[in-house]
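Biologist: Could you take a close look at one part of this model for me, and then walk me outward from there? I'd like the cut-offs behind your terms as well, please.

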Amino acid sequence: MAKYLLLKHYRGGPTPVNDVPMDRWTEEEIAAHMQYMNDFATRLEGTGEFVDGQALSPEGTFVRYDGEGRPPVTDGPFAETKDLIAGWMVIDVDTYSRALELAGELSAAPGAGGRPLHEWLEVRPFLTAPPTVTE
Amino acid sequence: MDEHRLRALTPGVIGVLVRRGADFAAAEDAVQDALVEAVRRWPTEPPRDATGWLITVAWRKFLDAARADASRRRREELVDEQPAPDPGASTDDTLQLYFLCAHPSLTPASAVALTLRAVGGLTTRQIAQAYLVPEATMAQRISRAKRIVADVKFDEAGDVATVLRVLYLVFNEGYSGDVDLAAEAIRLTRQLKAVIDQEEVAGLLALMLLHHARRPARTRPDGSLVPLAHQDRGRWDTRLITEGVEILQTALARDRIGEFQAQAAVAALHADARTAEETDWVQIVEWYDELTRLTDSPIIALNRAVAVGEADGSRAGLAALTRIEPTLPRFAAVAAYLHERDGDVATAATLYTEAALQATNLQERDHLTRQAARLNADRRR
């Protein structure tokens, strides 16, 4: 088994095919989208592949250390061009191709007009602990 | 015996161990162990005297732990002493335990965790699940909290207001999980009310009951939020409402008003209205005025603006809004609502979109996005 992070971006990725902001959808389309996402997570729990999922607020700030005794320096909110993560799902699956398959399904969540979003999701493998057997 | 009744015995038993000489941290651990054993054994061997059984087993667990810890000589000496005659579980102990677990030296998160474990008798795992953190993290939070209050004398006088704030947090930040934190907060507040006669304790209990009564109507089957005005009031729990109103009236009759009583009064006025249209907004505004005098909180001012908008029209509501800082959470949502009522659909839609971006929970974000979508769709027609 290997863990993968499926990252959803508010912006920063390539433009999705069905690119209409959510506040321009109908209420029914929003409900259908939410339902799809919930069903997806529930199904992965059922197959034993779901690990974690979390949505993030678009508010974000860069922070860094600014020396002993000084408060940290902050920068932000992010410029409109910066990559902005919207949320993630962690899955634990047998193969990389399974991870891609699931990301593809998640990207097909319905959007405006009930049509699939074709949203770009980023798939990132977890780095793991070293194996016990090395030769 | 059901789990709630078993857990209700927890504070009294901890109190007995502390009075026999155990320090709070060790007593609390011992009682947790005894509870675990009770859950395992009682289904097949129900005790005749549940409290007595728990005291005996917890005391034995405490002695075992003390013996195992040979470096702690003071406690070793204690082991050889006969326990003092059992004073029995007392209500004073229960109250002292609430004070200790909500001690002002603790952070809110620590006080919540410690209260749920020591007063509520929940396991660390249950509390961890409820707050969506790993069990090891919650275990550390609880043991740190116990170290912080280690030097506090068990019978030190406490402030019931700090306890109420902790219980309010448990009720209001109820996450999902196996444990129903809202119900647990109600149980703990009920138990507190039984040991201390104070109007604000009653006020908080009434507030919780009146809000809990609406829970079945608050979400749709798909989990989405239903605002108060659109809730199916037939699904409100009338038994809880009756109880909440009675408790509130008794408290209000004593004429020692406080924040929780005033908030409960607002909830009671909503409960009184058979339809949203029948809501007595004028009285609700009066209660918000009272709350403003009591707390001067900007959140109260924001809620008051909504009530003013209903009582005196959207223009009056928008006017009330001009005196509030726009950076306040939910400001945009309230402004959107009032602008929509005022007929300015375009501004309302923009504000709902803005409010959705600022939302701090998913349900609210989805709800606000839907509001924006609804108005945008209307405008396209």
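**A loop and its surroundings**

Modeller: Let's begin with Leu132(B), which lies in the loop between α8 (124–130) and α9 (135–148) of chain B. Helices here are DSSP runs of H or I with at least four residues, strands are runs of E with at least two, and both are numbered from the N terminus. Please keep in mind that this is a predicted model, in which local features need pLDDT of at least 70 and side-chain atom pairs count only at pLDDT 80 or more, while totals for chains, interfaces and linings use all residues. Residues are numbered from 1 along each chain as its sequence is written, and chains are lettered from A and ligands numbered from 1 in the order in which they are written.

Most residues other than glycine have a negative phi. Leu132(B) counts as exposed because it has 11 C-beta neighbours inside 10 Å. The cut-offs for that are 20 or more other C-beta atoms within 10 Å for buried, 12 or fewer for exposed, and partly exposed in between, with C-beta atoms placed from the backbone.

With 15 C-beta neighbours inside 10 Å, His118(A) is classed as partly exposed.

Now for the chain around Leu132(B). Chain B has 21 helices and 0 strands, and its C-alpha atoms fill a box of roughly 80 × 45 × 40 Å along the principal axes. Of its 381 residues, 43% are buried. Among contacts in chain B with a separation of 6 or more, 61% are between residues 24 or more positions apart; a contact means that the C-beta atoms, placed from the backbone, lie within 7 Å.

Helix α17 (residues 298–312) and helix α18 (residues 314–321) of chain B have axes that come within 6 Å and cross at roughly 155°. Axes are lines fitted to C-alpha atoms, for helices over the stretch in contact, and angles run from 0 to 180 degrees between N-to-C directions. α17(B) and α18(B) are therefore roughly antiparallel; that label applies over 145 degrees, with under 35 being roughly parallel, 65 to 115 roughly perpendicular and the rest oblique. Nonpolar covers Ala, Val, Leu, Ile, Met, Phe, Trp, Tyr, Cys and Pro, charged covers Asp, Glu, Lys and Arg, and the others, Gly among them, are polar.

α18(B) also packs with helix α19 (residues 331–341) of chain B, at about 150° and with the axes 9 Å apart. That angle makes α18(B) roughly antiparallel to α19(B), and their crossing is left-handed. Here Ser314(B), Gly317(B), Leu318(B) and Leu321(B) of α18(B) meet Val334(B), Ala335(B), Leu338(B) and Arg341(B) of α19(B). The contact of α18(B) with α19(B) divides into 5 nonpolar, 2 polar and 1 charged.

Strands pair if DSSP finds at least two bridges between them. β2(A) runs antiparallel to β5 (residues 84–93) of chain A, joined by 5 bridges, and Gly53(A) has Met89(A) in β5(A) as its bridge partner.

How values were computed. Left-handed = near helix turned anticlockwise from the far one by under 90°. Contact = placed C-beta atoms within 7 Å.
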